[in-house]
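This report looks at a few residues in loops and at their backbone and surroundings. Please have the sequence and the structure at hand while reading.

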Amino acid sequence: MNPIEVEVEVNVASKGFPAFNIVGLATKAVDEAKERVRTALINSGIEFPQKKITVNLAPADIPKEGSAYDLPMAVGVLVANEELELDGTKRFFYGEVGLDGKLRHTKGVFLLASLAKEKGVSEVYVPKLSANEAVVVEGIKVYPVNSLLDLIRHFKGEKKIKVLKNLDREELIADAEAEFDLSEVAGQEQAKRALEIAAAGGHNLLMVGPPGAGKTMLARALPGILPALTEAESLEVTKIYSVTGNIEPGGGLIRRRPFRTPHHTTSRMGLIGGGSQPMPGEISLAHRGVLFLDEFAEYPRSILEALRQPLEDGVVSVVRVAGSLKFPARFMLVAASNPCPCGYLNHPKKPCTCLPGSILRYQKRMSGPILDRIDLHVNVPFVEVEKLRSNTPSASSAEVRERVKVARNIQEKRLAGENIYSNAEMKNKQIKKFCQLSEDADRLLLSAVDKWQLSARSYFRVIKVSRTIADLAGAATIEYSHVAEALQYRMRS
């Protein structure tokens, strides 16, 4: 996530047997570059030097992986073979080379462009299919290279590669597209209200109800009411998607909030991140967006427990013998679950067929510490057929999104300078600073804490949800009604 500049040094010796060696802790994929580069140059009509070629990847003590070193190696060989002559200008070359000499889509180009700006490098040469990732970074010239021949003609002055125009990042940001509109969901007014509060403050949400009540439909309608990414948030998300190779060829800045829906059979590393060469998992791909875990109780308990630290800190730490890495993971958790294995516990028309012991074991899969980190708990009941047939108009996603945007704008102004974007991200210091309760609201909260034995975490989370409800109402102070509604969503059925 924090790129390091690698210098590719190429030496062609006049003495010694012809060879092509790569040193500098290169992995198998990097070592195979010598065959790709050799073949690409020959197929491009360029004579490959039959000499002893040594390529050093510096700094030599950091492992190198991937195919991005192909292009700088090829350029080094071309310069040594006097096919290219470069001046002293510092440039970045980056990209995978195919056997025909054409450059392929390569992950990580956005990070390269960010590093170039940080290091004061004015020119970057990257594959044409990946160049759109780099043009959103201001202050650098991006040259989209189609093939090695095009690069040679460019530096010989025969046919210049046109610099891509930098794009206005703010113009690229777009509202999310949703699979369903909220107006399509029959009934479930309380769940819709909880969804609106969650979107307005970035809060975590758990929906519990029988099969077919609309839990999944509600969750998939959530992207339609979320505000657009800010410019800073969009850059954060793009960095993650670039390093993981999740930006399609020709793609650029990530424009919409992520909505990730991993299956309940996903492995721990797939969800949290890790591996022998640690990479971000689903929770990092959901950064600044939504992680929807359907059938929440069906996930192995070990995986759910692994969500504790990311939900609290907004980052996930992956520790290995070689060192530790941190991946961003500031996401909204939206979970949906049945109340029991058969799904019909307390159903008004269908009897539950589960034994008391199996119900208890099923519900215990969701531990107290995990549930304590979820701000809003809402029951999604069985929907009567009369409501399904009703033509009573319901608020559309567009209408709700406007209310959410107003609340988010209030938070943005309030939290300016705090390096956070929503009420859910507030720490205790910000809560004391920005969450003023009226006397009645304070008494109600203290009474609830005493009666229900709420934890310190629950106490502060109730205040944050109350602050969001007050923002939706346009109130400067948290009133009695705001706390009462927040407490309603805190009590689990």
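## A proline in a loop

The model is predicted. Pro59 sits in the loop that runs between strand S3 (52-58) and helix H3 (70-80). The peptide bond joining Ala58 and Pro59 is cis, and its omega is about 5°.

Leu25 is not a glycine, yet its phi is positive, at about 55°. Leu25 belongs to the loop between strand S2 (19-23) and helix H1 (28-31). Is Leu25 buried, exposed or partly exposed? Leu25 counts as partly exposed because its relative accessibility is 47%, and partly exposed covers the range between the buried limit of 20% and the exposed limit of 50%.

Gln188 also is not a glycine and has a positive phi of about 55°. The loop that holds Gln188 lies between helix H6 (169-172) and helix H7 (189-201). Gln188 has a relative accessible area of 7%, so it is buried; the cut-off for buried is under 20%.

Pro341 is located in the loop between strand S16 (332-337) and helix H14 (356-364). With a relative accessible area of 42%, Pro341 is partly exposed.

Which residues does Pro341 touch, leaving out those up to four places away in sequence? They are Cys354, Ser358, Ile359 and Tyr362. Val319 is 22 residues from Pro341 along the chain, and the C-alpha atoms of Val319 and Pro341 are separated by 36 Å.

Terms used: Residues numbered from 1 in each chain as written. Predicted model: local features only at pLDDT ≥ 70, side-chain atom pairs only at ≥ 80, totals over all residues. Heavy atoms only, no water. Helix = DSSP H or I, 4+ residues; strand = E, 2+ residues; numbered from the N terminus. Buried < 20%, exposed > 50% of the residue type's maximum accessible area, 1.4 Å probe, protein only. Contact = heavy atoms within 4.5 Å.
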